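Here is a short report on how parts of one model pack together. Look at the sequence and the structure first.

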Amino acid sequence: MNALLKQHLIDPEICIRCHTCEEACPIGAITHDDNNVVVDAGKCNFCMACISPCPTGSIDHWRVVETPYSLDEQLGWSELPVQAEVGAGANVGEAMEDAVKALLASAHAGAGGAARAPLSAAKPSVNVFSQAQPAVAVVQGNFRLTAADADADVRHIILDFGAQAFPVLEGQSIGILAPGVDAQGRPHHLRLYSVSSPRDGEKPNRNNLSLTVKREETGVCSNYICDLKKGDEVRVTGPFGTTFLMPEALDSHLVMICTGTGSAPFRAFTMRRQRVLAADTGKNGGMALYFGARTPQSLPYFGPLAKVPDNLLQKHFAFSRVKGQDKHYVQDIMRQDAQVLATALQSDKSHIYICGLKAMEAGVEQAFEDIARGAGLHWQPIRDAMRESGRYHVETY
Amino acid sequence: MLDIVNVEYDTLIPNNVSLSQDKRVLKALERWHPGYINWWKGMGPEGFQESLVYLRTAVSVDPKGWAKFDYVKMPEYRWGVLLAPQVEDRRIPCGEHLGQPVWHEVPGEYRSMLRRLVVIQGDTEPASVEQQRHLGKTAPSLYDMRNLFQVNVEEGRHLWAMVYLLQKYFGADGREEADELLRRQSGSVESPRMLGAFNEATPDWLSFFMFTYFTDRDGKMQLESLAQSGFDPLSRTCRFMLTEEAHHMFVGETGVGRVIQRTCEAMKAAGIDDPYDIEKVRALGVIDLPTIQKKLNLHYTLSLDLFGSEISTNAANAFNAGIKGRYQEAKIEDDHQLHNATYPVMQLVDGVVVTTQVPALSAINMRLRDDYSRDAAGGVKRWNLAIEKSGIAFQMKLPHDGFHRQIGIFAQVPMTPDGIILTAGEWQKRKDEWLPTRADGDFIQSLMKPVWESGQYAGWIAPPKIGIDNKPGDFEYVQLHMA
């Protein structure tokens, strides 16, 4: 099968031929005749500069194709063609390189069924940059988050995209391509990392994002990332992921359960809420975080988290290796908060997110079962219904 | 270094022209500002000044930052002065100064001509806000209400754009003109707005959609030709205004399209095939297609009048001076000076319409109007596709350029939409076939009942295919605040 291409197309039924996109396109990939405005698949490099100036929303359409539609074909359209069946197993919503697809499928498996995005989630861009044509980001900073004497080395990495548009939503991941080849002379596998900054940048309106990366002793990519220095260039693919997203509805309540660097998307969620609420005093549905780590010293963002006000984020920490204290795991602090969580399970405003190591799944699942039973409820049907309505999300690795 | 892409918020007026370092202009604009807010509160959207509207605000003029959406009360909208980035080594694109570097200050010899162009453009901006001020009360949905207010605040910003040019480049005269822009009022007997179409009322939402489709499109064409100006600040201002103007075109084209779509759907559901069975169609609570055609005839022809006389010395002078170019001047392949070129213009010779070649320089208006008509025909084609899809035998048509004209060669010439010249008596007898009557207006008015629940739409208009900013169907585009 030929490589699939995600082709950028304009919906002729919605387009009003104002040619704003054509003006915005920095490389002349958009042209028109009296009938339609069209995108040249041979030129478009997915920079997305045309997306936000479009007054109609007609610009943001995509089809996964084996052979791209030609300009002549597009000029003759009065409506967009439906998505054709392309190759076995190609998923249009998350059309992406097979490797990425496999990684995400495995990460989402713990939800017990096909994941769905929250109803009010913003529309994510995916696959803007591919392995063949990655974006090149520049490292703006690399800070150690864990104490110098902590056993884990977790890093906060800031990547700047300069003039390239890299549209990302909270909860999405990006792929990092470590340079060099393995012992067999093949390029290293791409690794996915969840973005830990909100959509408008680590700092508002900067074209940058942050990652939270833990150094793994034998991990090629994590060592590569953790050793990056300011000014280094990094090859980035993505963004990826269309379901592990936050609801836009401000009155939704977010329950976030994580261990270690699983906190990355939740940092993004929290910062997003904080920024939106700063500009909009809408109904705040609140967020709750259940965060497990070995020690306070090894818990990423422990200091900054403490400063987030409780009316925005209720924080519960569990530490499993503090000298002289019993081992506490994330499921233990969930049980301590059983009443609150049981109430949350019964509200259709609640969204549950679980992110961290695969090992946490069983404990968390068991805790939910117990909490539900304690309130006279059955966990599994609740979970399935929440998942179906885009309110239950698992991303573990 | 000057950051001309991102917007400065260190003054009362967001801008990317370093206002904080231009004390004189800043002071002048700050002095003008209270009058503007007064005008907005007095003449802007009536009854909704306290409501939270989901609006788009530019935070920078590059693609990434110019469409930030958020809830805002309209009087608190950040109207600013935003110019498209300067193009390095830009040259005058037409006329006798062709190829010379563009002007960054007003060339003395063209001062009054430029001032007049800026004032006329500026005068239309607040005028349409005034014309549309009562429409919020009968909005067919919160989505449409939001779109109306977006159009309004952006027309307000376009006024700012022109006032900035007046204050910055035209000294005391400019200040006076800026004040006059707030003093004239649409439809006023003592001090009306400068152009005819901007003194007509916008009584209902179909008129609003037709206005944004046809009349704002004239605005678009004027901005397009001013964007070609050799006076660079004017060019840059208009280039950025065009990105905003595209939203107005969108509101018009989809608005009319949704009205047509709803009518066709209702007819099909009721088993009515004959579009001319007006009584029956109207009984469904939708606007019959022939009446929509009449509204089209009216708004198209009023808008054609805005282009002025087909043969015009003023337009020739502006082109020759390099002050105003043609539509997409840079993409036209000719000498850009029109030394020996001719252009076909329709004339009335002994009561017969004939096309003659005239010197192209004198036919600049005509050419722009032709570009306009071509542009306007695009949407009509889309509307017809929708009618055709529904299987109803009807086609919307742009009338003949000579139909119902008040300005130019065909002024007061009684003519059918197909271009057949009539006697005055025949015209009187038949004009109601082609132009909306009072009864048509009353019928449309009878449908104008507000629908203000999220996700709900009045029965005479179809919901949009896609939300603003990709919002879901039941999004609350306006959070009403009813005192």
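## Contacts between and within chains

In this model, 21 residues of chain B are in contact with 24 residues of chain A (in contact: C-beta atoms, placed from the backbone, within 7 Å). The model is predicted: local features need pLDDT of at least 70, side-chain atom pairs count only at pLDDT 80 or more, and totals for chains, interfaces and linings use all residues. Residues are numbered from 1 along each chain as its sequence is written, while chains are lettered from A and ligands numbered from 1 in the order in which they are written.

On the side of chain B that touches chain A, β2 (68-73), α6 (232-270) and α10 (364-390) of chain B each give two or more residues. Helices (H or I, at least four residues) and strands (E, at least two) are DSSP runs, numbered from the N terminus. The largest share, six residues, comes from α6(B).

| Helix pair | Angle | Axes apart |
|---|---|---|
| α5(B) (205-226) and α8(B) (289-305) | about 30 degrees | 9 Å |
| α3(B) (142-169) and α4(B) (171-183) | about 155 degrees | 7 Å |

Axes are lines fitted to C-alpha atoms, for helices over the stretch in contact, and angles run from 0 to 180 degrees between N-to-C directions. The angle makes α5(B) roughly parallel to α8(B) (under 35 degrees). Residues of α5(B) including B:Leu206 and B:Phe214 meet residues of α8(B), among them B:Leu296 and B:Tyr300.

The other angle makes α3(B) roughly antiparallel to α4(B) (over 145 degrees). B:Leu159 and B:Val163 are among the α3(B) residues that meet α4(B), where the partners include B:Ala178 and B:Leu181.

Notes: Parallel < 35°, antiparallel > 145°, perpendicular 65-115°, else oblique. Contact = placed C-beta atoms within 7 Å.
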